[in-house]
Amino acid sequence: MDTTTALTADVLVIGFGKGGKTAAHALTDAGKRVILVEQSDQMYGGTCPNVGCVPTKMLVHYSNSKRLEDEAQQFFANSIEGVRALTSAFRAGNFASLDGKDTATVITGAARFVDEHTVSIGEGDDRITVTAPTILINTGSEPIVPDIEGAGASAFQVSSTDLIHAERLPRHLAIIGGGYLGLEFASIYRQFGAQVTVLEEADRLLAKEDTDVAEVATGILAGDGIRIITGATVTGITDTASNAVITYVKDGESHTVEADAFLAATGRRPATDSLDLPAAGVETTARGAVIVDEHLRTSRPHIFALGDVNGGPQFTYVSLDDARIVIDQLLGDGTRATSDRVAVPRTLFITPPLATVGLTEREAREQGLNIRVARENVADIVAMPRAYTVEETRGVMKFILDADTDLILGAAILSIDAQEIINTVALAMRQRVTATTLKNAIYTHPSSTEALNEVLGVIVG
Ligand SMILES: Cc1cc2nc3c(=O)[nH]c(=O)nc-3n(C[C@H](O)[C@H](O)[C@H](O)COP(=O)(O)OP(=O)(O)OC[C@H]3O[C@@H](n4cnc5c(N)ncnc54)[C@H](O)[C@@H]3O)c2cc1C
Ligand SMILES: NC(=O)c1ccc[n+]([C@@H]2O[C@H](COP(=O)([O-])OP(=O)(O)OC[C@H]3O[C@@H](n4cnc5c(N)ncnc54)[C@H](O)[C@@H]3O)[C@@H](O)[C@H]2O)c1
């Protein structure tokens, strides 16, 4: 006897990420019956509030509050407790706010496609199928596991999620990969008091940024005691009783680093393996990203893909903007598109943070643009006493300006509050506000934004 429970909905959402939940709320509010399927009861709300942005930024905050007299292990354990309390509150809130709606249901279990309108969740007597005319895929991304001999068998390998929930501060954390995730954990764990080594295969950190900006950021990280080894190819990992021995080659010579925890932070790839997309006829790239058009429709036009899973930039606010596009397709006039995006900023939450938007100086020169460069070290910005009032004067601000139009082409802000300042700069870029207007605007005092009053006039090239 078939005991499968067969459910139907107007819209099925697979994955409780930022894009999926935002669309689910809007669609239920518009009277649609929505079923959202999330594989884990520890992931209601998705990566960001559970194991991504929110807990890591809380760890940045805690680690920066550590005083010399605080005992490292106890301080770390208390911080992890604080993170757990916040993430579990956010998780519960995410579940209740959606599942509590009359026309929304959250099902916990991994979904896989049966055909282009139906997914299956669970096995045997617990099996549920959900059939819907419209389906949103929002399954996020998962870490790329580098093919390093011995890594998988090592007892000392940790994931970013392990580091967010760790019981014990490692003595020495080695991080393979110095990108967003690697550098944020390096900065956090160093501030908590662990020894930290970063092994990056590129010749320098932050290779996409201008050399002068990357050098200041690297100097700050190194000055905080993080050992940075660039141009390193990790060739193998073996365990002793108490450590992983990581072998790497640099400049043709073999070296080792010993650490009681190591994290592979070498990128994340779209999470599509478990979905059986061929059963629905949904096409993917070689990297497993769901192929979408600028309205986020897949090769099956009634199926959309939002967030990390579609291979776009891996940021929560991009997933949110994906939701706006899909909502516009399903409830609006259908004009909004990914091609509308201009000046999307990014922030790397090291201490102080590095926020960037638009072109670098190198990119602008490669494009043959007629540019002016404004640049000043944070410690020298007289108009920004806030840096001194909070005792964080490290960093640099750099702006790439169009010499013909006075528009801002790009910015790199390595400074206290950079994650806030960059949003004003990005808005100015989108709205075509000139550098002179931004320079002469009135800002509150003492704030970090008022640095714009000065730096935009410090033309260096
Ligand atoms: C440590 C870390 C720190 C980060 N920090 C930042 C930051 O500061 N700022 C920022 O903007 N971005 C940050 N990011 C990136 C950001 O978290 C992601 O870009 C964003 O969360 C992606 O959201 P999403 O909507 O694509 O899906 P996700 O939020 O990843 O949600 C996908 C959900 O789908 C579920 N799922 C997967 N497969 C199935 C299936 N078959 N059936 C049912 N459910 C399934 C997963 O369990 C998950 O809950 C960080 C990421 C990490 C890992
Ligand atoms: N603040 C934020 O917004 C934030 C924070 C964390 C993560 N994220 C998102 O998560 C994504 C994944 O982060 P990530 O840091 O894992 O990826 P990433 O692509 O940012 O960086 C990966 C780094 O690993 C290096 N690398 C790759 N293979 C290597 C190897 N075998 N040995 C040594 N180095 C190697 C690369 O050169 C690169 O510098 C990011 O792209 C970002 O979009 C965002």
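Student: Is alanine 343 buried, partly exposed or exposed?

Tutor: In this predicted model, alanine 343 sits in the loop between H8 and S20. Alanine 343 has 19 other C-beta atoms within 10 Å. A residue counts as buried at 20 or more such atoms and as exposed at 12 or fewer, so alanine 343 is partly exposed.

Student: What is the phi of alanine 343?

Tutor: Most residues other than glycine have a negative phi. Alanine 343 is not a glycine, yet its phi is positive, at about 50°.

Student: Is aspartate 417 buried or exposed?

Tutor: Aspartate 417 lies in the loop between strand S24 (408–414) and helix H11 (418–430). Aspartate 417 also has a positive phi, of about 70°, although it is not a glycine. The limit for a buried residue is 20 or more other C-beta atoms within 10 Å. Because aspartate 417 has 20 of them, it is classed as buried.

Student: Which residue does UniProt list for "active site", and is that residue buried or exposed?

Tutor: The unreviewed UniProt entry lists His445 under "active site". Histidine 445 is placed in the loop between helix H12 (435–439) and helix H13 (452–455). With 12 other C-beta atoms within 10 Å, histidine 445 falls in the class for 12 or fewer, so the term for it is exposed.

Student: What is the omega of the peptide bond that joins histidine 445 and proline 446?

Tutor: Most peptide bonds are trans. The bond between histidine 445 and proline 446 is cis, and proline 446 is found in the loop between H12 and H13. Its omega is about -5°.

Student: Where is proline 352, to which a cis peptide bond leads from threonine 351?

Tutor: The bond from threonine 351 to proline 352 is cis, with omega near -10°. Proline 352 itself has its place in the loop between S20 and strand S21 (354–358).

Student: Which domains are assigned to the protein chain, and how many Å separate the centres of domain 1 and domain 3?

Tutor: The assignment gives domain 1 (5–142 + 269–340), domain 2 (157–266) and domain 3 (346–455). Taken over C-alpha atoms, the separation between the centres of domain 1 and domain 3 is 33 Å.

Student: Which element gives the largest share of the shell around ligand 2?

Tutor: This shell has 23 residues, and the closest are Gly177, Gly179, Leu181, Thr266 and Gln314. Domain 2 (157–266) and domain 3 (346–455) each give at least three residues to it. Helix H6 (180–192) and strand S20 (346–348) each supply at least two. The largest share, four residues, comes from H6.

Student: How many polar residues are in the shell around ligand 1?

Tutor: Ligand 1 has 37 residues around it, of which Gly15, Gly17, Gly46, Gly140 and Gly307 come nearest. Elements that give two or more residues to this shell include helix H1 (18–29) and helix H8 (316–331). By class, the shell has 15 nonpolar and four charged residues, and its polar residues number 18.

Student: What is the radius of gyration of the protein chain?

Tutor: The chain has 13 helices and 24 strands. For 461 residues the globule rule gives 23 Å, and the value for this chain is close to that, so the chain is as compact as a globular protein of that length. Its radius of gyration is 24 Å.

How values were computed: Residues numbered from 1 in each chain as written. Chains lettered and ligands numbered in written order. Predicted model: local features only at pLDDT ≥ 70, side-chain atom pairs only at ≥ 80, totals over all residues. Near = placed C-beta within 6 Å. Domains from an automatic or database assignment. UniProt positions renumbered as here; feature names shortened; annotations may be inferred. Nonpolar A, V, L, I, M, F, W, Y, C, P; charged D, E, K, R; others polar. Rg over C-alpha atoms; globule rule 2.2 N^0.38 Å.
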